[in-house]
Amino acid sequence: MIAHSRPVVRWLSQLLLLGLALLFLAPLAMMLLGSLKADARVLTDAGSIGGLLSGEFSLQNYRDVFARTDFLRFLFNSLFITSTIVLCGMLVNSLAAYAFARLEWRGRGLLFNAVLALMILPLEAIAVPLFYGISLLGLRDTYTAQILPFIANAFSIYLFYTFFIGLPKELEEAARLDGASTLRIFFSIIVPNAKPVFASVAILSFLMWWGAYLWPLMVTIGPQVRPLPVAIAAFYTLPPLQWGDILAFGVMMVLPVLAVFLLFQRWFVRGVAASGIKG
Amino acid sequence: MSGRRGLSDQTPTALLMAAPALLGLLLFLLLPFVLALAFAFTNLRLGSPLPLEFVGFKQFLRIFSDPGFLQALANNLLFAAVVVPLQTALALGLALLLDQGLRGTLVYRTVFFMPVVFPMSLVAVIWLLIYAPGPAGMMNQLLDLLSLGHWQPRDFLRDPALALPAIMLLSIWQGAGFQMVILLAGLQAIPLELHEAAALDGAGRWQRFLHVTLPQLRNPLIFVMLVTTILAFRLFDQVQIMTRGGPDNATTTMMFEMVQAVFTRQQVARASAMTVIFFLLVLLVTLVQRRLARQEGYRP
């Protein structure tokens, strides 16, 4: 936009931004302040700013979460499942994308078009047969069922592909003339030059799987391999309903991600913007 | 560049590199999808002693005469019809506000994007408290304040008229930041000269928005609306946690019905048929988007 708007416009924009920001923050403030209040007070106080800020604060709810649920196990499950998908996914999908972007081979065009076509299939379009297969194989309630099917990802391949295609070929030429193998070229030349796309893919797949609910709800049975999103929903239905404990669970569940987000904000924003480029 | 192809055959290396991903896509995406298409025409149930039979379109006929599923379909379409325009408008408004280079832009961008990193299940649980019935509930308090005391406290999630709108609102809150970031990137990609040229021609703010910004933002806007429409068809987490499809099917969705079918009743075939209907809707929306989106690099 053109930089010089009239002062009135700028002033109104500031006011609007502030109002909207408060609306966006209100639920989060309620969660944080509510998590510090006695369970019985949360429902009565959570409606107003005055109510939220008055009264006594304590960390009792946080202690209760550890006493009433296996929080650390759920946290580990979420971290383990998500990071395995993200790390294995980055490796497997970037290797495939490089083969599509730079190597000459039979079947390349056909297979790449197939990958592009598969981008249209969301998890929901395959959840039922996948659930059926997992049940038949006796793999319900395992990490495998929550990790293995989601490592290969058509959209990640596409993102890597568009980035690799844009890298100058001279990067690889010299190494190739020196007789370096394709894999060596990939790991020592391409990967270091492709950090932005690795970051984008990591963040997008992290956001997708960290918050996944439908699939883990279907395949997990007990708390053993249950990830956080399913765990908090289960905690909500666990009597007695203690709102303070639930909010404390929520704060602890989101804090690590929020910290990473605030530290690497620029990359998050870039990663998300990258997902829109294909428009 | 130097066309040195054929120097050595790269097919074995390429296959080796692509094999893990391609195998994964084949086994865990293509195969299940083909199976969903096949199962939809059978009587398959999990753990059923009945022999597997081909039943033609029977599952589809049953689904389309099931008032629960028809209500679900209607809810998904209503959700899309309301949320897609509202959320896109909000995200566009936020992006325009942030694109002015005002003080604090970075902080505001962080605030609006923050809900995106919240898992939907956590958002649903937080909003259960916001929608708490009785005068002390946050939403009831807010509406009481806005209506200057004329608001009668409501039980949003148990009110057939309010339950779906309540779920729409939190979905917009959670998703708008994602769209905003994409639209902001689109705004920042618009060449400044276009605005300057229009300003020289005497175009005002509003005219520049209509004739420069919107046409230049066409593809990001279409993309964002496509993604949100598909999300509307996928609607599940909020409903499962907050209302279980109730009251009286007021918030049930295709995905909720599908999970009910396969999960609580082991009806794999029926759920597969719902999957097929869901997929056809996604396909339709995607094809419309492809038609509407102009080629990259388009300049008016």
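A residue is counted as buried here if 20 or more other C-beta atoms lie within 10 Å of its own, and as exposed if 12 or fewer do. With that cut-off in hand, one can read helix α7 of chain A in this predicted model, where the buried residues are A127(A), V128(A), P129(A), L130(A), F131(A), Y132(A) and I134(A). The helix runs over residues 127-136 and is mostly covered, since 7 of its 10 residues are buried. The cover comes from both chains: the buried residues of α7(A) pack against α8 (143-147) and α13 (214-219) of chain A, and also against α1 (11-39), α12 (254-264) and α13 (268-292) of chain B. Just after α7(A), the backbone at G138(A) takes a positive phi of about 70°.

Helix α14(A) and helix α5 of chain B (residues 120-130) pack at an angle of about 25°, with their axes 8 Å apart. Because angles under 35 degrees count as roughly parallel, α14(A) and α5(B) are described as roughly parallel to each other. In this pair, P229(A), I232(A), A233(A) and Y236(A) of α14(A) meet S121(B), L122(B) and V125(B) of α5(B). The contact of α14(A) with α5(B) has 6 nonpolar residues, 1 polar residue and no charged residues.

Helix α9 (residues 154-166) and helix α12 (residues 195-210) of chain A pack at an angle of about 165°, with their axes 10 Å apart. Angles over 145 degrees count as roughly antiparallel, and α9(A) and α12(A) are therefore roughly antiparallel to each other; their crossing is right-handed. The contact is made by S156(A), L159(A), F160(A) and F163(A) on the side of α9(A), and by V197(A), S200(A), V201(A) and S205(A) on the side of α12(A). Sorted by class, the residues of this contact are 5 nonpolar, 3 polar and no charged. The spacing along each helix can be read against a general rule: an α-helix has 3.6 residues a turn, so residues three or four places apart point the same way.

In chain A, a cis peptide bond with omega of about -5° joins P239(A) and P240(A), and P240(A) has its place in the loop between α14 (228-236) and α15 (243-263). In chain B, the peptide bond from G246(B) to P247(B) is cis as well, with omega near -15°, and P247(B) is found in the loop between α11 (237-242) and α12.

R244(B) also lies in the loop between α11 and α12 of chain B, and its phi is near 50°, a positive value in a residue other than glycine. R244(B) counts as exposed because it has 12 other C-beta atoms within 10 Å. Q266(B), in the loop between α12 and α13 of chain B, likewise has a positive phi, of about 55°, although it is not a glycine. With 16 other C-beta atoms within 10 Å, Q266(B) is partly exposed.

Finally, L31(B) has its place in helix α1 of chain B and, with 15 C-beta neighbours inside 10 Å, counts as partly exposed. The C-alpha atoms of L31(B) and Q71(B), which stand 40 residues apart along the chain, are separated by 30 Å.

How values were computed: Residues numbered from 1 in each chain as written. Chains lettered and ligands numbered in written order. Predicted model: local features only at pLDDT ≥ 70, side-chain atom pairs only at ≥ 80, totals over all residues. Helix = DSSP H or I, 4+ residues; strand = E, 2+ residues; numbered from the N terminus. Contact = placed C-beta atoms within 7 Å. Axes fitted to C-alpha atoms, helices over the stretch in contact; angles between N-to-C directions. Parallel < 35°, antiparallel > 145°, perpendicular 65-115°, else oblique. Left-handed = near helix turned anticlockwise from the far one by under 90°. Nonpolar A, V, L, I, M, F, W, Y, C, P; charged D, E, K, R; others polar.
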